[in-house]
Amino acid sequence: MNFAFSDEQEQLREFVRSFLDDKSPEAAVREQMDTDQGFDRDVWNQMAEQMGLQALAIPEEYGGQGFGFVELIVVLEEMGRSLLCAPFFSSVVLSANTLLLSGDDEAKNAHLPGIAAGETIAALALTEENGRWDEAGVTARASQAGDGWTIDGTKSFVLDGHTADLLIVAARTPKGVSLFTVDPDSAGVTRTLLSTMDQTRKQAKIEFSATPATLIGSDGEGWGVIEKVLDLAAVALAAEQVGGAQKCLDMSVEYAKVRVQFGRPIGSFQAIKHKCADMLLEVESAKSAAYYAGWCAAEMNDELPQVASLAKSYCSEAYFHAAAENIQIHGGIGFTWEHPAHLYFKRAKSSELLFGDPTYHRELLAQRIGI
């Protein structure tokens, strides 16, 4: 079986890389980091209108382009390489997939076309202040109120939750964890931007107090959907991590070629050679894990749960190690605010923890394969 990317997929990579080189250079990333919104609305609109990126993996019947998860990981890898500041992951990976997997045709028809067009920024409000990614971590409560529902509770670490036009909330009913859509402008919603280490990916705390909500799918069957979404998110994040790790390797090798010490390039020193060689091995291995996981996600086959945890744990460590070594190879300048190395280091650390750290995913993998 051939797991190489097709010519069309490689062409997609080239188009996306060219677009991001132009629209998400280091200067633009630093500019958006300093804003509360966290992204450039004009660039977001161009991504939708000119590139069709938000619509890429959404079925055509909902206004999308109908491509698969493999094309999506190609795009995410390039976004990770450029540290794109945009609510793409929250809207397209988390929210759109939650709606698609919910089986609720009414919800899909109501919200997916807006996400595909880039008109709706959506956020999945799952994790709470306990920081847990399992079913027991969901303690927010949903209660029936007449023909509808209301939600009480607090969600934290919500990606792009402060700017979202649509919130998809996991809350517990007497039947179990269920999913709801919430208008963020509804009564009882309080959104607070969190101060985080990685300012390239904004997070928010959202408080609900008797907030009106609309049930998605069946009452009590939300966790089965969320489990699948978290597996897809782990694969998507692994692809993004691969892009960042490759960029760190490229930066390190280029600097090792041009930095001269004791009359010779530092890349000729054995210690630097070993660092670069180890990084190359880990980055290529991470690519293999992420790409295979992307294929499993595209097929939605039985291997996905195991491979998702494997890819997430390995790619997290590979990216963090590459980002740390990138700083070491650059020496003194690598520790400064002016150099971009710290931006990748912070993204690597935050991504390592997002959706569960490597230890969590290894334990999950062990459970899933019956060890």
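How do the residues lining the second largest cavity divide into nonpolar, polar and charged? The views below lead to the answer.

**View 1. Cavities in the predicted model.** Four cavities of 30 Å³ or more are found in a search of the whole structure. A cavity is a set of points, on a 1 Å grid over the protein atoms alone, where a 1.4 Å probe fits but cannot get out; lining residues have an atom within 4 Å of a point. Grid points are joined across faces, edges and corners, and a volume is the space filled by probe spheres set on the points. The model is predicted: local features need pLDDT of at least 70, side-chain atom pairs count only at pLDDT 80 or more, and totals for chains, interfaces and linings use all residues. Residues are numbered from 1 along each chain as its sequence is written, and side-chain values use heavy atoms, with hydrogens and water left out.

**View 2. The largest cavity, of about 120 Å³.** Its lining has 13 residues, with Leu 84, Ala 86, Phe 89, Arg 201 and Glu 240 nearest the centre. Helices H4 (69-82) and H5 (88-102) each supply at least two lining residues; helices (H or I, at least four residues) and strands (E, at least two) are DSSP runs, numbered from the N terminus. H5 gives the largest share, three residues.

**View 3. The second largest cavity, of about 100 Å³.** Leu 94, Leu 124, Trp 133, Phe 157 and Phe 355 lie nearest the centre, among 14 lining residues. Strand E3 (148-159) gives the most, four residues. The lining divides into 11 nonpolar, three polar and no charged residues (Ala, Val, Leu, Ile, Met, Phe, Trp, Tyr, Cys and Pro count as nonpolar, Asp, Glu, Lys and Arg as charged, and the others, Gly among them, as polar).

Methods
1 Å grid on protein atoms, 1.4 Å probe; cavity = no way out; pocket = protein on both sides within 12 Å on 5 of 7 lines; lining within 4 Å.
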